[in-house]
Amino acid sequence: MKMLSRILIAASALAMTTAMPALAKTFVYCSEASPEGFDPAPYTAGGTFDASAHPIYNRLVEFKKGTTEVEPALAESWEVSPDGLEYTFKLRQGVKFHSNEKFTPSRDFNADDVIFSYQRQASADHPWNQYIAGITYEYYNSMEMPSLIKDIVKVDDYTVKFVLTRPEAPFLANIAMPFASIVSAEYADMLDKAGTKEDLNNAPIGTGPFKFVAYQKDAVIRYAKNADYWGPAPKIDDLVFAITPDAAVRLQKLKAGECQLMPYPAPADIAAIKEDPNLKMDEQAGLNVGYLAYNTTQAPFDNPKVRKALNMALNKQAIIDAVFQGAGQVAKNPIPPTMWSYNDAIADDVYDPVAAKAALEAEGVKDLSMKIWAMPVQRPYMPNAKRAAELMQEDFAKVGVKVEIVSYEWGEYLDKSMEPGRDGAVILGWTGDNGDPDNFMGVLLSCASAQPGGANRAFWCNQEFSDILSKAKQTSDVAERTKLYEQAQVIFKDQAPWATLDHSTQYVPMAKNVTGFVMSPLGDFTFDTVDVTE
């Protein structure tokens, strides 16, 4: 009788266990900044892409985890014409868009979504180009997409052909970038009819591994696993971004188990993190550069001799020592030394305040007052912009230049720093998006990127430099491209639109039980392969 009772009890317990759903797995990421929005096309900040492009959306092609190698995504395959002017993409069938309480898709992803996603960025006349007043498509314009893409042809529902005006060696890598994320044309139509077009940016619908659930501004973003995801299913059920701008607070939360992973630890905390038995940390050389961009359209910064003199006044090694504490190196070129075509033969500006002051006086510059803009957030290329600006302020004071340090909220900082009339010099930087030198020099320094809506914060246009970049993009010969980019770096150094500051090492601390996180050479934080063990 006792044996029968035990059997019945065991059977009952097994039935209850079988009937109960498995506990949902939640992963909390202590992110460093609030996103500017959830439509990746108008923005350039890595934190915005981490919150939008990577969890919510996909692109035609994407980068293989941990590499800059392009692989199929929403396009299963593609063909390139012999002259390099036509790219024909075969689209993946059966891909579902997300739904929310106001929208349920009536069809799968198809060619219409691809055409809509690109054309809204291409034409100022497109009804969705300015669905938010004043937005710009910084990447699309800086990469000269308007002059490159002649046409996008819908061959059929699952075939799209891009017709180019010229060969473009980095084209596939470029369209793997977040700005080229595919949004739902059907969702856009619904929002248009409802008079709520801004929800494309506030309540995003994509095809990615996670669905957007809610955003509490400057506090928390919530996502849920996309059960219909076309790719490998995420290991976690719920993803949370706990927005935590302060590095010390992020680390406190990580140690307390309030989040499982954080970006951009303070350099002073690196050694202690490595010694903590409950944490582990990945690290790699960052594909990045930090810089001070002068407004080269404003006197006296329109004079390259003045810019060179100011660069000589900066003790960059002191900035590295104080701000990076061993986690970075002085930069002399606009691309990092880990990138192909880096011109190591170039000599950096020598720190010489006496010569710098004399050079300024020779150009008639006396009693100069200027502003230095300091970012309010940590970025991989600049862990403490305010401290860096203070050190620059001290250096410039030694050569008779008075500096006022200014800052703004991050989104406002990015917007205002693009305004052509901006005064002074702005601290910014760049983490590579696709592993190609053009992604640094073309996007940040070309004449095209100096136009309104571009990413050229120096507003510097040197036609010889830009012509070299254009030539480099039109050949697939890597040796030839290397020579051209090396020449471009010589012009850049001579003209000095920036003071090149640093290249940093990237560190990613996480809880010991985190598995499946893959560091990206592009600085992305993605969580579709992440898991947490018991």
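A disulfide is taken here as a pair of cysteine sulfur atoms within 2.5 Å. The model in view is predicted, so that local features need pLDDT of at least 70 and side-chain atom pairs count only at pLDDT 80 or more, while totals for chains, interfaces and linings use all residues. Residues are numbered from 1 along each chain as its sequence is written, and side-chain values use heavy atoms, with hydrogens and water left out.

The structure contains 2 disulfides, and when the bonded cysteines are counted along the chain they follow the pattern 1-2, 3-4. One of them joins Cys30 to Cys259, with an S to S distance of 2.4 Å; this link is left-handed, with -110 degrees about the S-S bond. Because Cys30 lies in the loop between β1 (26-29) and α2 (46-51), and Cys259 in the loop between α10 (247-255) and α11 (270-275), the pair ties together parts that are 229 residues apart in sequence. Helices (H or I, at least four residues) and strands (E, at least two) are DSSP runs, numbered from the N terminus. Cys30 has 0% relative accessibility and counts as buried, as does Cys259 at 1%, where buried means under 20% relative accessible area, exposed over 50% and partly exposed in between (1.4 Å probe, protein chains only).

A disulfide also joins Cys447 to Cys461, with 2.0 Å from S to S. The torsion about the S-S bond of Cys447 and Cys461 is about 95 degrees, and therefore this disulfide is right-handed. Both cysteines lie in the loop between α17 (438-445) and α18 (463-473), so the pair ties together parts that are 14 residues apart in sequence. Cys447, at 10% relative accessibility, is buried, whereas Cys461, at 45%, is partly exposed.

Charged side chains provide a further set of contacts. With a salt bridge defined as a side-chain nitrogen of Lys or Arg within 4 Å of a carboxyl oxygen of Asp or Glu, the count comes to 28 salt bridges. Among them is the pair of Glu32 and Arg379, at 2.3 Å from N to O; since Glu32 lies in the loop between β1 and α2 and Arg379 in the loop between β14 (369-373) and α15 (385-397), this pair ties together parts that are 347 residues apart in sequence. Both Glu32 and Arg379 are buried.

Within helix α15, Arg387 and Glu390 meet in a salt bridge, at 3.4 Å from N to O, and, being 3 residues apart, they are separated by about one helical turn. Arg387 is partly exposed at 32% relative accessible area, and Glu390 is partly exposed at 24%.
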